[in-house]
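Let's take a walk through a protein together, starting with its open spaces and ending at a metal. Have the picture ready as you read.

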Amino acid sequence: MSTPQLSPARDARVGDLPVRRALPTRGRRTVGGWCFLDHLGTATYREDRRYDVAPHPHIGLQTVTWLLEGGMVHRDSLGSEQLIRPGQLNLMSAGSGVVHAEENPGLRSGHLHGFQLWIAQPEGTRHAHAAFDHHADLPAVEVTNGLATVFMGQFAHGTSPARRDRDVVGVELRLSPGPSAVAIEPRFEHALVVATGEIVVEGMAVTPGSVAYLPPGGDEVALTATEDTVALLIGGAPLDDPVLMWWNFVGRSFEEFATAYKSYVGRDEPFGDVNSSLARVEAVPPPTFIERH
Ligand code: MN
């Protein structure tokens, strides 16, 4: 396959929670339909460190939450309330708009560690009503020296039951030291992010805090874990409909963002209330003028 590219993820914070933002980065906005990838933590829960995320809006994207440690309660303006634990998938499809919060389920010790990703919705679903799905039972397939849990799309002999608006794949890899050759879809570009441990891919060491981009064209990727490793492999068909991202919104124009902003501030449908004790996140108005080149 073509040479992979290694880039640093960017350190950021979501409230008190330290994250490593692997997407978007300056050099790369998307991998397939995936347009956002935060590696959350590892953070330690304390009495004064709950890592709650207060109610905030989304449009035009699916949020994919995947935990390795800890827990979260998802609440949204559809009335959903769902605890998520490691190995489970929360998938919220924002469509024309939704408000959600992610709250500590009462944990005061231990760790929060995981991922939150976004998938840009295609034209066919991005104007639809919002939806929320939880999947506690996902297929796990054996790979050489490890186990892959398929939370989105199809990988090896496993197919996730989760709704898929785009042609994407998302897999958690748990690898023991040694080589693992895994089959991948040649039409897809992929990204590999390591949560703990180290994976050498095509001679390049991928550790937490960096992201490896694998261009389309290969039907197999050779991964060698040098220690017990947990990683995420995501992929998808490269976008042919470039998307615009601003704040928590994915769309095609700033006019759309301005409309969504006004509705959220006005608490108009579909940006209704969330059953949360936390105050809504204050929105920043989108720029009204876009410099075009
Ligand atoms: Mn969110």
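Start with the largest pocket: S2 (10-14), S3 (17-23), S4 (34-44), S5, S10, S11 (111-120) and S25 are strands that each supply at least two residues of its lining. Strands here are DSSP runs of E with at least two residues, helices are runs of H or I with at least four, and both are numbered from the N terminus. S5 gives the most to this lining, with four residues.

Before going on, a word on what you're looking at. This is a predicted model, so local features need pLDDT of at least 70 and side-chain atom pairs count only at pLDDT 80 or more, while totals for chains, interfaces and linings use all residues. Residues are numbered from 1 along each chain as its sequence is written, and side-chain values use heavy atoms, with hydrogens and water left out.

Back to that pocket. What is its volume? The largest pocket comes to about 520 Å³. It has 26 lining residues, and Val14, Arg21, Phe36, Trp118 and Asn248 are the closest to its centre. A pocket, on a 1 Å grid over the protein atoms alone, is an open set of points where a 1.4 Å probe fits, with protein on both sides within 12 Å along at least five of seven lines; lining residues have an atom within 4 Å of a point. The volume is the space filled by probe spheres set on the points, which are joined across faces, edges and corners.

Which residues hold the manganese ion? Its protein donors are His56, His58 and His100, each through NE2, lying 2.1 Å from the ion. Donors are N, O and S atoms within 2.8 Å of the metal (3.2 Å for Na, K and Ca), and water is not among the atoms, so sites may look incomplete. His58 sits in S5 (residues 53-58) and His100 in S10 (residues 98-103), so this pair links parts of the chain 42 residues apart. Histidine 58 is buried at 1% relative accessible area, and histidine 100 is buried too, at 0%. Buried means under 20%, exposed over 50% and partly exposed in between, using a 1.4 Å probe and protein chains only.

Finally, find helix H2 (residues 254-265).

Methods. Expected span 1.5 Å × (residues − 1).
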